[in-house]
Amino acid sequence: MAGLYVHVPFCVKRCIYCDFYSNVRMEYKEDYLSAVIREMKMRRDYLSGEPVKTVYFGGGTPSQLSRYDFERLFDTINQSFSFSPEPEITIEVNPDDLSEEYVLSLTKFPFNRISIGIQSFKEEDLRFLNRRHTAADAMKAVYRCKEAGFDNISIDLIYGLPGQTAGEWSDNIEKAIALDVSHISAYSLTFEEGTLIYDKVKRGDIQPVEDELCESFFYLLKKKLAEAGFVHYEISNFAKSSPSYPGGRISIHNSSYWTGVRYLGVGPSAHSYNGESRSWNVSSLSTYIRSINEKSEIPHETEYLDERTRYNDYVITRLRTVWGISLDELKKEFGEERKGYFLKKSESFLRLKKLKIEGGYVKVAAAGLFVSDTIMRELIAI
């Protein structure tokens, strides 16, 4: 099983919190499409013929692409890669792009999962985040996708906004639950250098929410979604349980990142992983286009993974999930010495009940979920 990620960098405008690579220069779209199609053809052997199980169009805003654009992309994907049975094919969309006509156009392609960037159902929050849509647009987008026959819908939410109250966050969660979607991703607002919100914090224009309050928002989210039948399978991700999906309808593509599955990323800033190395394309649309279209060169960097780096990646990714780290697999992959190192480092967190051992698997306990990044930093090899 392997994954394919297609980065679509275009946005109408930048959200103040976003640190993903994006560009508002839509006039580059045709040159971008030519380049990303060429990259797929040039890298068709990267996955060594392994069948593709998941395709993910992320961004940026993939819903800025037209029906004709997707026809060209899927023609190349189908010609370049083989597929596993019933692959998961996801597109990220912005709510106000989802007119009835646009949603209908998506049904003409093999998309079977839609991820909608809602972030909040409060108008004031959406204006603060510099989002294009309204709360009404968000709800309408979900309904239109359902009416068109999409039954695997994920929505994104953000919590910990400056001035946000527990009541406001609770209202957001309840509205999300009422939409009866199959998946919810919820992220604490971060202030990454280079983003507009980082600059506002540095100037003192806004005050971040205190960690204790943000933590309470996280556990409120976890409690309410559990009561609504969602499985908390990764730190920020919750999948709705049903008779057909008793373990929750998880994102297969995103889960591949946390379980060591190989994937190819195409487009500017896209990352790839083949088990032996990681590579990432340049985060510049103009350089990406020029290098591929004019020079037939993919502008990227590669890091070959030594044993220590592979161990660190293993710890950081596996502990993000509900499945945790198999001690038997840890020993098989990295040897008895690394297993001993990991258990030694884990002792204090086990005593504090921030980690737990169940059936030979080490997992982050409920009390450690919000501070899991800190735990992981202590467990890696320096």
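**Reading strands, helices and cores**

Modeller: Start with one pair of residues. The bridge partner of I357 is V362, in β15. Keep in mind that this is a predicted model.

Colleague: How do strands of a sheet pair?

Modeller: They pair through backbone hydrogen bonds, in either a parallel or an antiparallel way. Now the case here. Strand β14, residues 355–358, is joined to β15 by 4 bridges, and the two run antiparallel.

Colleague: What lies between the strands in the hairpin of β14 and β15?

Modeller: There are 2 residues between them. In this hairpin, G359 takes a positive phi near 55°.

Colleague: Now helices. Which way do residues three or four places apart point?

Modeller: They point the same way, because an α-helix has 3.6 residues a turn. Take α5, residues 135–147. Its 13 residues reach 19 Å from first C-alpha to last, close to the expected 18 Å. The buried residues in α5 are A135, A138, A141, V142 and C145. Seen down the axis of α5, its buried residues fall within an arc of 125°, so they line one face of the helix.

Colleague: What do the buried residues of α5 pack against?

Modeller: They pack against α3, β4, α4 and β5. Just after α5, G149 takes a positive phi of about 105°.

Colleague: How many residues does helix α11 have?

Modeller: Helix α11 has 12, residues 307–318. Its reach is 16 Å, close to the 16 Å expected. T309, Y311, N312, Y314, V315, T317 and R318 are buried in α11. The elements they pack against include β13, α12 and α13.

Colleague: On to the cores. Which residues have the most contacts inside the largest nonpolar core?

Modeller: Y32, F57, F70, F111, I116 and I155 do, in a core of 86 residues. Helix α1, residues 29–42, gives this core its largest share, 6 residues. Another core, of 10 residues, lies apart from it; C18, L161, L189 and I206 are among them.

Colleague: What does F70 touch?

Modeller: Leaving out residues up to four places away in sequence, F70 touches F57, P62, L65, I91, Y102, L106, F109 and F111.

Colleague: Last, cysteines. Is C11 buried or exposed?

Modeller: Buried means under 20% relative accessible area. C11 has 10% relative accessibility, so C11 counts as buried. C214 has 7%, so C214 counts as buried as well.

Colleague: And how many disulfides are there?

Modeller: The rule asks for cysteine sulfur atoms within 2.5 Å. By this rule the count is 0.

Terms used:
Residues numbered from 1 in each chain as written. Predicted model: local features only at pLDDT ≥ 70, side-chain atom pairs only at ≥ 80, totals over all residues. Heavy atoms only, no water. Expected span 1.5 Å × (residues − 1). Buried < 20%, exposed > 50% of the residue type's maximum accessible area, 1.4 Å probe, protein only. Contact = heavy atoms within 4.5 Å. Pairing = 2+ DSSP bridges. Arc of directions from axis to C-beta. Core = buried A, V, L, I, M, F, W, Y, C linked by side-chain atoms within 4.5 Å.
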